Amino acid sequence: MRLPALIIALSLSASWAPMATAETLPPGQRDGELRQHMNQLQAWDAEQQQWLMPVEFWQQYAARRGGLSWGRGAIYPPYGEVKEHDTFMVETTAGPCLMEFFHGRWRRANDVRRWDTKFTHYAGCPHVFDE
């Protein structure tokens with residue numbers, strides 16, 4: 001292969017190099033990653049590039065999407081009025097959990113967004129379908 005062709009081939013292969021994905025990012029840089037820090041659970045907000053308390057992380061996520069569609073409460077909104085991707089902060093006796101309406105039913109936002117699996121066990125999230 002001649003030198004100009006080799007240079008072109010090398011530059012093309014470099015431009016096709018894979019981009020970093022959530023799976024390849026170092027710890028502390030994956031949106032929704034949870035960590036224990038000074039006896040407090042914190043969630044990484046990739047957009048703000050900072051650690052937040054989990055409920056604040058949920059609030060910031062909802063705010064970026066226009067706010068909580070249905071606010072906060074212990075009673076779910078009327079099913080017939082809910083739209084795809086609406087959000088609601090359900091209040092259980094164990095604490096809050098951010099819910100998102102997805103594919104025809106309420107789901108924990110973590111089940112839709114695939115943040116850290118520990119969110120499934122945080123505050124009221126393990127109990128959202130019990131009450």
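This short talk covers the disulfide and some of the salt bridges in the structure above.

Ground rules. This is a predicted model, with local features needing pLDDT of at least 70 and side-chain atom pairs counting only at pLDDT 80 or more, while totals for chains, interfaces and linings use all residues. Residues are numbered from 1 along each chain as its sequence is written, and side-chain values use heavy atoms, with hydrogens and water left out.

Let's start with sulfur. A disulfide is a covalent bond between the sulfur atoms of two cysteines. The cut-off here is a pair of cysteine sulfur atoms within 2.5 Å. How many does the structure hold? One. Cys97 is joined to Cys125, at 2.0 Å from S to S. Where do these two cysteines sit in the chain? Cys97 is in strand S6, residues 95–102. Cys125 is in the segment after helix H3, which spans 109–113. On the naming: helices (H or I, at least four residues) and strands (E, at least two) are DSSP runs, numbered from the N terminus.

Are the cysteines buried or exposed? Cys97 is buried, at 0% relative accessible area. Cys125 is buried too, at 2%. The cut-offs: buried is under 20% relative accessible area, exposed is over 50%, partly exposed is in between, using a 1.4 Å probe and protein chains only.

Now the charged pairs. A salt bridge needs a side-chain nitrogen of Lys or Arg within 4 Å of a carboxyl oxygen of Asp or Glu. The structure holds seven. I'll show some of them.

Take Arg64, in helix H2, residues 54–64. Arg64 bridges to Asp45, with the closest N and O atoms 3.1 Å apart. Asp45 is in strand S2, residues 40–45, and the two are 19 residues apart. Arg64 also meets Glu47, at 3.6 Å, N to O. Glu47 is in the loop between S2 and strand S3, 17 residues from Arg64. Asp45 is buried at 0%. Arg64 is partly exposed at 32%. Glu47 is exposed at 59%.

Next pair: Arg65 and Glu100, with the closest N and O atoms 3.9 Å apart. Arg65 lies in the loop between H2 and strand S4, and Glu100 in strand S6, so the pair ties together parts 35 residues apart in sequence. Arg65 is partly exposed at 36%. Glu100 is buried at 0%.

To finish, the network: shared partners join Asp45, Glu47 and Arg64 into one.
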